[in-house]
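The sequence and structure are shown first.

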Amino acid sequence: MTSKDALSHVLQLLTGVEVVITSNGYISRHAYSLAPEAPNRFYMLGSMGMASSIALGLALAQPNRQVVVIEGDGNILMSFGTLPQIGHHRPKNLIHVVLDNARYETTGGQTTISPSVEIATVAVAAGYQRAEVLTSRTELTRIMTEAKREDGPTLIAVRVSDAGEEIAPRVSLAPPEIKNRLQQWLCAANPSQRSSSTGKQ
Amino acid sequence: MAELQSDAPGLLYRTLKSSGVDFVAGVPCSLLAPMFALAANDPKIIYVPAVREDIAVAAACGSILGGRKPAVFMQNSGLGTCGDVLLTLASMYQISPLFVIGWRGCEKKDSPEHVMFGPRTVALCRQLNLKPYVLPNPFSPSRLRTALRRNEGARTAILVGARILS
């Protein structure tokens with residue numbers, strides 16, 4: 001599988017009620033190009049390494065809503081301390097997908113150190129409920145389906161290989177629009193949520 | 001030397017809560033020690049004892065997406081860890097947690113690492129699109145509450161110097 005295949009497959013397995021947070025670079029660009037109108041998304045355009053921390057805060061704030069964060073190996077390695085942070089809080093509603101191509105794809109394919117790191121082993125040691133490493137679409141379907149049903153946090157590391165992938169255009173929404181669209185969608189789905197949360201600059 | 005205001009930490013903590021704060025994420029600072037104790041023992045808020053300041057800021061921003069009103073507690077040295085997340089997450093998306101920042105090195109004498117950050121703290125806040133609010137000693141809760149209301153959405157950073165809370 002390529003990371004684009006894995007990403008589109010993960011998104012297809014979701015029902016649209018989950019919040020999906022994608023990391024900076026090609027992952028957000030691909031996710032946006034697949035469904036530019038989907039309001040349940042947060043495209044993180046900067047702040048490399050922080051997608052899973054944003055997901056943690058959101059998962060704790062809305063414990064009844066499933067939160068899915070999708071990031072690359074470069075992102076997870078940049079803030080590896082987030083794993084024990086998530087493991088400490090153990091949000092049941094968090095699914096953490098890592099598309100591991102062992103490269104910083106967006107900046108030109110430089111290698112990462114992920115081949116020498118057992119990310120799933122670290123996640124379990126850090127307190128995740130479950131962590132799996134997989135390579136096939138069939139396994140991805142099975143484990144995502146189980147993760148949606150079971151208590152998390154669950155980490156799913158998908159080994160992917162990217163070669164000559166076509167790159168999606170940049171996310172064309174302004175960052176405040178991305179935030180406002182998600183907040184409005186969450187407010188509409190959960191009317192008890194405070195409207196004051198849409199802070200103005 | 002100014003005297004400690006009676007139960008200053010309790011006053012500050014209750015002021016934050018009466019301004020709506022229901023989520024606290026942070027990395028400890030000795031100047032804020034009583035504030036961390038209050039947050040950690042408060043069953044009515046969500047408390048994230050963060051391992052890094054940028055994780056605290058990102059988790060606070062995530063909680064805002066989920067409808068919470070967070071405060072980030074940290075030391076001024078943490079501003080050095082948070083540059084990217086403050087500019088390209090909080091500021092760029094217009095997500096506005098409140099900040100309570102222990103201001104080490106605000107006086108001439110402090111340990112060498114704090115002397116590096118102390119004199120740069122106010123300018124650093126401004127560079128990172130935070131609005132510094134130097135907490136006076138003693139402080140007036142109602143004036144602070146008014147300032148927070150006026151600055152809603154401006155990412156106010158309450159700077160807490162030495163001998164104000166502890």
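## Burial and contacts

In this predicted model, 54% of the 166 residues of chain B count as buried. A residue is placed in that class if 20 or more other C-beta atoms lie within 10 Å of its own.

Sequence separation describes the contacts further. Among contacts in chain B between residues at least 6 apart in sequence, those joining residues at least 24 apart make up 76%.

## Overall dimensions

The C-alpha trace of chain B spans about 45 × 30 × 30 Å along its principal axes. The radius of gyration of chain B is 14 Å, which agrees with a compact globule, because a globule of 166 residues would have a value near 15 Å.

## Secondary structure

Seven helices and six strands are found in chain B. Their order along the sequence of chain B is α-β-α-β-α-β-α-β-α-α-β-α-β.

## Packing of α1(B) and α7(B)

Two packed helices are described by the angle between their axes and the distance between the axes. For helix α1 (residues 8–18) of chain B and helix α7 (residues 141–150) of chain B, the angle is about 35° and the axes are 10 Å apart. The crossing of α1(B) and α7(B) is right-handed.

On the side of α1(B), the contact is made by L11(B), T15(B) and S18(B); on the side of α7(B), P141(B), L144(B) and R145(B) take part. Grouped by class, the residues in the contact of α1(B) with α7(B) are three nonpolar, two polar and one charged.

Key: Residues are numbered from 1 along each chain as its sequence is written. Chains are lettered from A and ligands numbered from 1 in the order in which they are written. This is a predicted model: local features need pLDDT of at least 70, side-chain atom pairs count only at pLDDT 80 or more; totals for chains, interfaces and linings use all residues. Helices (H or I, at least four residues) and strands (E, at least two) are DSSP runs, numbered from the N terminus. The radius of gyration is taken over C-alpha atoms; the globule rule is 2.2 Å times the number of residues to the power 0.38. A residue is buried if 20 or more other C-beta atoms lie within 10 Å of its own, exposed if 12 or fewer, and partly exposed in between; C-beta atoms are placed from the backbone. Two residues are in contact if their C-beta atoms, placed from the backbone, lie within 7 Å. Axes are lines fitted to C-alpha atoms, for helices over the stretch in contact, and angles run from 0 to 180 degrees between N-to-C directions. A crossing is left-handed if the near helix is turned anticlockwise from the far one by less than a right angle, and right-handed if clockwise. Ala, Val, Leu, Ile, Met, Phe, Trp, Tyr, Cys and Pro count as nonpolar, Asp, Glu, Lys and Arg as charged, and the others, Gly among them, as polar.
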